Amino acid sequence: MDDKEALRVGAAVRRRRRALGLTLAAVAGRSGLSVPFLSQIENERARPSPGSLDRVAQALETTTERLRAAADSARSVEVVRAHEDDGVHRLVHGRHQLSALEFVGEQDLGCEFQHRNDEVMYVVEGALEIEAEGRAHRLGRGDTLFLSGGVRHRWRATEPDTRLLVVSVAEHIDATYDSRR
């Protein structure tokens, strides 16, 4: 791990710790590392050794590879150029925390979806019919529908030039919240 990667891993450690609802003291207790050292890692003032990073990852119920992958996506800038084809256009490439897709035209995928993480559906142009948890919703231009993780849904465009933007927490991210923690 080079210095640049070591610095970025701090943000990934902090995000994971907070997602689990853990304090620095709890992570210190689990990892055997000191609170000040963990704070320095999170604030990008200390470079963890591979062994220390492994202990932190175990304390955070993940792997060093996942922390590094989260660190890689923590500070990236990417431009995705407009696409002229009808169909599906991926707006975020690579393995990031968010997924974004644009659906164009009269889409009717004819199947039901159930994603583990939250998503937002925004109608840029046109109109949709969405069935979510047994309730039908009609959305037009500028309307938004939020679906929490686990909600079963299906949708279809009802106008030819419909453009739908779907933004969600990526499937590889465990963003589920357990209030028992």
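The tour starts with the whole chain and then goes to single spots.

**Before you click**

This is a predicted model, where local features need pLDDT of at least 70, side-chain atom pairs count only at pLDDT 80 or more, and totals for chains, interfaces and linings use all residues. Residues are numbered from 1 along each chain as its sequence is written, and side-chain values use heavy atoms, with hydrogens and water left out.

**Stop 1: the whole chain**

Colour by pLDDT, the predictor's confidence in each residue, from 0 to 100. The protein averages 83, and 83% of the residues score at least 70. Now select residues 1–6: here the pLDDT is below 50, and the stretch has nine contacts in the model beyond near neighbours in sequence. A contact means heavy atoms within 4.5 Å.

Switch to a cartoon view and you'll find five helices and nine strands. Both are DSSP runs numbered from the N terminus: helices are H or I with at least four residues, strands are E with at least two. Along the sequence the pattern reads α-α-α-α-α-β-β-β-β-β-β-β-β-β. Of the contacts with a separation of 6 or more, 64% are between residues 24 or more positions apart. Of the 181 residues, 37% count as buried; buried means under 20% relative accessible area, exposed over 50%, and partly exposed in between (1.4 Å probe, protein chains only).

**Stop 2: an aromatic pair**

Select Phe-103 and Trp-155. They form the one aromatic pair that a search of the whole structure finds. Their ring centres are 5.0 Å apart and their planes stand at 70 degrees, so the pair is edge-to-face. (Rings of Phe, Tyr and Trp, the last by its six-membered ring, pair if their centres lie within 6.5 Å; planes under 30 degrees apart are stacked, over 60 edge-to-face, and the rest tilted.) Phe-103 sits in strand β2 and Trp-155 in strand β8, 52 residues apart, so to speak a link between distant parts of the chain. Are these two buried or exposed? Phe-103 is buried at 10% relative accessible area, and Trp-155 is buried too, at 7%.

**Stop 3: the second largest pocket**

Next, select Ser-99, Leu-101, His-115, Val-166 and Ser-168. Of the 18 residues lining the second largest pocket, these are the closest to its centre. A pocket here is an open set of points on a 1 Å grid over the protein atoms alone, where a 1.4 Å probe fits, with protein on both sides within 12 Å along at least five of seven lines; lining residues have an atom within 4 Å of a point. The volume is about 290 Å³, taken as the space filled by probe spheres set on the points.

Strands β2 (98–104), β4 (119–125), β8 (152–157) and β9 (163–169) each supply at least two lining residues, and β2 gives the most, with four.

**Stop 4**

Jump to Glu-61, in the loop between α4 (50–59) and α5 (64–74). Glu-61 has a positive phi of about 55 degrees although it is not a glycine, and it is partly exposed at 41%.

Glu-133 also has a positive phi of about 55 degrees without being a glycine. Look for Glu-133 in the loop between β5 (127–132) and β6 (135–140), where it is exposed at 52%.

Finish at Val-79, in the loop between α5 and β1 (87–90). Val-79 is exposed, at 59% relative accessibility. Draw a distance from its C-alpha atom to that of Val-92, 13 residues along the chain: the separation is 8.6 Å.
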